[in-house]
Amino acid sequence: MLLPFLFGAAVLIIVPGGITLSLAFAQYDGLAPPRWVGLHNFRSLFVDPLTFIAISNTSLFVALTVPLRVLAALVLALLLHRPARGVGIYRAAVYLPTIIPGVAYALIWLWVLNPVSGPLNLVLAALGMPTPAWLAESRTALPALVAAGLFQLGESFVVLLAGLHAIPRDYYQAALIDGADRRQILRTITLPLLAPWLMLVVMRELIVSVQSSFTPALLMTGGGPYYATLFLPQLIYETAFDRFRFGDAAALTLITLLGLGLGLLLLHRAAGGWGYADET
Amino acid sequence: MPMKRSLLRAGGFHALAGAITLLFCVPFVWVLVVSLRQPGLAPPQQIEWLPNPAAWSNYPTIFAMLPLGNYLLNSLSVVLISVPLTRLVAAWAGYALARLPERAALILIALAVGLRMVPATSLWLPRFLLFSQASLIDTFGALIAPALMGTSPFYVLLFYWAFRRIPAEIFESGRLDGAGAFGGWARLGMPLVGPTAVTVAVLCFVHYWSDFINPLLYLKSDHNYTLAVGLRMLQQLDPTGWPLLMAAAVVMIMPVLALFVLVQKAFVGRI
């Protein structure tokens, strides 16, 4: 009964992974048979300024998105995990943007962020605040994309809710009897016990955020203005499917994966383990 | 005195939570309002809370402007094939994992988690090459293919957790009564994991309904487009066409939203 799953996974994930790995060292346009070229793809990528623009944009996007989303999900989970009347409705509302299809979500934000008639700038103007051109300006385009994506944090929110729920009630009662105040409880009980869950969420957000830039960037800015929102997934997509340079695209994919691996390694270092307090 | 304080605190909580709810939901209310605005009018100069008069005709208009009915049908076909297929494969795999000895199951679970971590970006290109070899490009086959592996290892794990909660004795007695592996799964296992089966079906529906990247990569001809890629065409409309664009977005969101409202307890209620 496991066979269909294992077979499907082999054909759809493991074999493709192998193909990417080997194509990175070959020249292939989809017509002539692939030709082994060693590190040539990487060398030509490293003289292309677009590669560096995409790498630095992607890094910036990830560096802004991951902490903001995890922090927001944590604050919302801490606020909404208590049993209270109507809390289910609040939780559902927080989850709502997460289920909106990516294309519809991007189109909605395209309208919300419209510099002239978008509701955000109408509100800002009514409050007498500055109204930047958001997506049309290279300085604000990337932060605007980050902000738009911030609301789709439902999955991390639910994982953290489950984590908070797994903390035994007795701990809190014992702390209250010992006279701990809310901040002490948060620092010494809640956060340490939530650490493994937080780690899981950070790792997931890290992996997801690299590719989650694709749909919004393609639909909302097309990578512009002046490459200000050109991210690695879009560059891979264009290299492979517009220019048919499959070898270069595979090499770029490999670079993306290496960068992601580096990010996870740094995270592991920074956290000093995978989040379990008894791990050394 | 403490009574009053706790009341005050509860009030503060609801005010804060209400504000958050507003922040997360107001954009969708705006979208609904704009989708009913008269198209062709100059863009509004201030926030409008009610369209005046409501142009319900925007909805028929977009169906006439784009082959939206065709896109809808394509999306529905993809969903109708891939959701049951996913449920079958994922439930089988989850059931088998739950019946395996602990050690073997653990290794396979580690594998499933590892597979879940593979970034989708790295699969676009090789899958394209594989699908062209299998002449699946520009067919729904390319979109449905992931259902063959249960769409996501996560769904397999959901079923595994659900089947693990069922006492082994139930299946043992089933085996003595002459039920094979498949019989035990169908007659004893599945009826006991209803909520999980519903959750997986909903997640899977949302996944295929929203899928933008796969149709973008693997479909070529306009008549095969699903709603997600079809909607991209509307992006070129100028600001006076916003109401039509938002009406199309509403068409795409509504089925997902309706499902979510029906089963939201499965997501956030029971925790």
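This is a predicted model: local features need pLDDT of at least 70, side-chain atom pairs count only at pLDDT 80 or more; totals for chains, interfaces and linings use all residues.
In which helix of chain A does Leu68(A) lie? Leu68(A) belongs to helix α3, which covers residues 49-80 of chain A, and its relative accessible area comes to 41%. Because that value falls between the 20% and 50% limits, Leu68(A) is described as partly exposed. Together with Leu60(A) and Leu64(A), Leu68(A) makes a nonpolar surface patch of about 240 Å².

Stepping back to the chain as a whole, chain A has 280 residues, 50% of which are buried, and its secondary structure amounts to 13 helices and two strands. Along the principal axes, the C-alpha atoms of chain A fill a box of roughly 75 × 55 × 40 Å.

Of the lining, α10(A) gives the most, with five residues.

The space in this second largest pocket is about 740 Å³, and 17 residues line the pocket, with His81(A), Arg82(A), Tyr172(A), Arg182(A) and Ile185(A) lying nearest its centre. And how many residues of each class does the lining of the second largest pocket have? Sorted by class, there are nine nonpolar residues, three polar ones and five charged ones.

Key
Residues are numbered from 1 along each chain as its sequence is written. Chains are lettered from A and ligands numbered from 1 in the order in which they are written. Side-chain values use heavy atoms; hydrogens and water are left out. Patches are made of residues with over 30% relative accessible area and no salt bridge: like charges are joined within 9 Å, nonpolar side chains (Val, Leu, Ile, Met, Phe, Trp, Tyr) within 5 Å. Accessible areas come from the Shrake-Rupley method with a 1.4 Å probe; for residues, only the protein chains shown count as cover. A salt bridge is a side-chain nitrogen of Lys or Arg within 4 Å of a carboxyl oxygen of Asp or Glu. Helices (H or I, at least four residues) and strands (E, at least two) are DSSP runs, numbered from the N terminus. Buried means under 20% relative accessible area, exposed over 50%, partly exposed in between (1.4 Å probe, protein chains only). On a 1 Å grid over the protein atoms alone, a cavity is a set of points where a 1.4 Å probe fits but cannot get out, and a pocket is an open set with protein on both sides within 12 Å along at least five of seven lines; lining residues have an atom within 4 Å of a point. Grid points are joined across faces, edges and corners, and a volume is the space filled by probe spheres set on the points. Ala, Val, Leu, Ile, Met, Phe, Trp, Tyr, Cys and Pro count as nonpolar, Asp, Glu, Lys and Arg as charged, and the others, Gly among them, as polar.
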